[in-house]
Amino acid sequence: MENLLFRLCNTFSGSGQEENAAKVIEKELHAFAKVKTDLFGNVIATMGNNVSDYSILLDAHMDQIGMIVTNIFEDGFIKIAPCGGVDCRVLPGSMVLIHGKKIINGIVCTIPPHLATQEDDKFLSVNELYIDTGLKDDVMKNISLGDRVSFKSSPKKLIGNRIKAQSLDNKVGVAALIRCAQLLAQEHLNIKVIFSFSTREEVGAQGAKVVTFKYMPNESIVVDASFARQPGVAEEKSGEYSHGPMIGVAPTLSKNISNHFVEISKNFNIPYQIEVMGSLTGTNADEIMPSGCGVRTGLLSIPIRYMHTPIEVVDIHDIENTAKLLFYYILKGDIHNA
Amino acid sequence: MLNINLLEKLCNSYGISGREENVRDVIINEISSFVDDLSIDNIGNLIAFKRGKERPIKRLMLSAHMDEVGFIITHVTNEGLLKFSTVGGIDDKVICGKDVVVGEKQIPGVIGVKPIHLLNKDEREKKVSIQDLYIDIGAKDKEEALSYISLGDSACFEKNFIYEGNIVKSKALDDRAGCFILTNLIKKDLPFDTYFTFVVQEEVGLRGAKVAAYNVNPDSAIVIESTTASDIRGNDEEKQVCRVGNGAVISFMDKRTIYDKDYYKLALKLADENNIKLQIKEAVAGGNDSGTIHTSRSGVKTIAISLPCRYLHSAVGMISINDLFSVEELALKFIENLGNC
């Protein structure tokens, strides 16, 4: 699992430019699933009984937040806009990668404290920042408007079972789905299982929208990252590390599916926690549920800290347990009555 | 010849003020076969003496500091998170979301922030106070954290050295680039006997240099330092101070020192005669070890030859290798000149 997660997080997949992650995912699955890519770059892998009249769509978005090049200057500086909800507070004085014809290292500009003239308690917004590559020729040759920019932050193991990386939102979900597929590959399935690794969630969930319309499943489960407990984050808005998947409960989600998840967790001794949301979920579930003639939808979330920063942190057991819960849900669940 | 591996090794070493041992070991290993005397003084300064072809009239000392800015662990919370103080001047704004390594065992950690989704509009661009920040090493509670680290352990920005297109991007260029220049000079055949000091604790008040200057007792001193280049887009030209790529930097005055007039003029002359790129710092800002060296004992004629470096005191700075050579060349010309006067 750790290796899989590292492979995924080492592959940049800014919204709208997910091709490299798509390739990694395809490689993980092609041995036991039928894999294809659609018009939006979504990776769709199908398993199980292809002629079954019951299908379930499992979705995890594979894109990650990042930035996009809006201006290029001959002196080696560029300007950027956010591509997804980037936190401007983590940018000054950090290294970023510009994914042009080749990958160029840049530094997000900041003025050193020696020269600060007044106490300034505001960060510059992403649009106001400059990135300094220090490389004049390379910039003009290799960087084009619209190129994506990522943080420069490699996955790393912290102590215990915790992993730090960028794009854990939502490579944790992708990893859980791949693991679930691996487990299902050993089993006989009566129904059709469609895995969707969808694009562009961070800019409006366009990928999941078109996948759902095309396959019109009988039900759908979304797996995404949610908030783990940390200082300053309210208990009711966050989950605990190592306490298993967060089973989503919301007016927009199927209550039966939520209840069913709880039941399965209990039966198979999988740790779980409940995440209650007042209306929408802020995930692909919001787009999938009202697609076409409507899809009963459930949500499993994996708690991570420091979401949308270069240093998101997850407890790896939570990914494993999410995969396990999904696996038993599909295998043993009384899906037709869900 | 450029020994980029050595510069990388120096920058990649972890050593905040008062914890410079790793850096010092790299330097000792590098210079010990090139010097005639090598000692470590009471507070950890490394003092090297190198014989030249002749004895100088006045005693000359070159100095660079080994320490870097960073953090020190002050408290561990019940949740296993590490509270810290900054060591040296670090802007609150360059700390969020950074990778750090903690303690001698180099335990990886991160400086987290509250997710942007949970911030109200005002909070989204508001400075986060250091009091509200902490380092997360993945520990599940206080006990687990304390089995990996101790109070008083240091934390540094994670190493991130890159060399491409004659540009170096790295943490701790302030002042490992200076240490690098000194080691290069030590390996040359020098015209006059020279003392080289690699000093501790610059970032917390120029403390190592004070003691080194007392111990060496020089008549003349050259400080090799990295200084604040702010030639970045969006910053007015008059606020740029000095520029990466425009050569070595000399200063008439900063917050700690009014520089020796003779040496200032000599720098201009030597640069001109030898075609060395030189620029003058266009601000009275910052300060370096000259501050405590020039007032040592009965006074020391002192100049700082600086290397322009962007994004000083953040997780990553930027220098030009051409500038580094300009600093080295000018320093060598100074040694040649000062030996006779």
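## Contact between chain B and chain A

In this predicted model, the contact (heavy atoms within 4.5 Å) takes 62 residues from chain B and 56 residues from chain A. Local features need pLDDT of at least 70 and side-chain atom pairs count only at pLDDT 80 or more, while totals for chains, interfaces and linings use all residues. Residues are numbered from 1 along each chain as its sequence is written, chains are lettered from A in the order in which they are written, and side-chain values use heavy atoms, leaving out hydrogens and water.

The size of an interface is often given as the accessible area lost when the parts come together. Here that area (1.4 Å probe, summed over both parts) is about 5300 Å², with 63% of it on carbon and sulfur atoms. On the side of chain B, the residues losing the most area to chain A are B:Lys93, B:Glu125 and B:Arg233, which together account for 15% of what that side buries.

| Item between chain B and chain A | Value |
|---|---|
| Salt bridges | six salt bridges |
| Polar contacts, both residues at pLDDT 80 or more | 22 residue pairs |

A salt bridge is a side-chain nitrogen of Lys or Arg within 4 Å of a carboxyl oxygen of Asp or Glu; A:Asp132 forms one with B:Arg310, where the closest N and O atoms are 2.6 Å apart. A polar contact is a pair of N or O atoms within 3.5 Å; within protein, one must be able to donate a hydrogen and the other to accept it, and residues adjacent in sequence count only if both atoms are side-chain atoms.

Definitions and conventions:
Buried area is the accessible area (1.4 Å probe) that two parts lose on being put together, summed over both.
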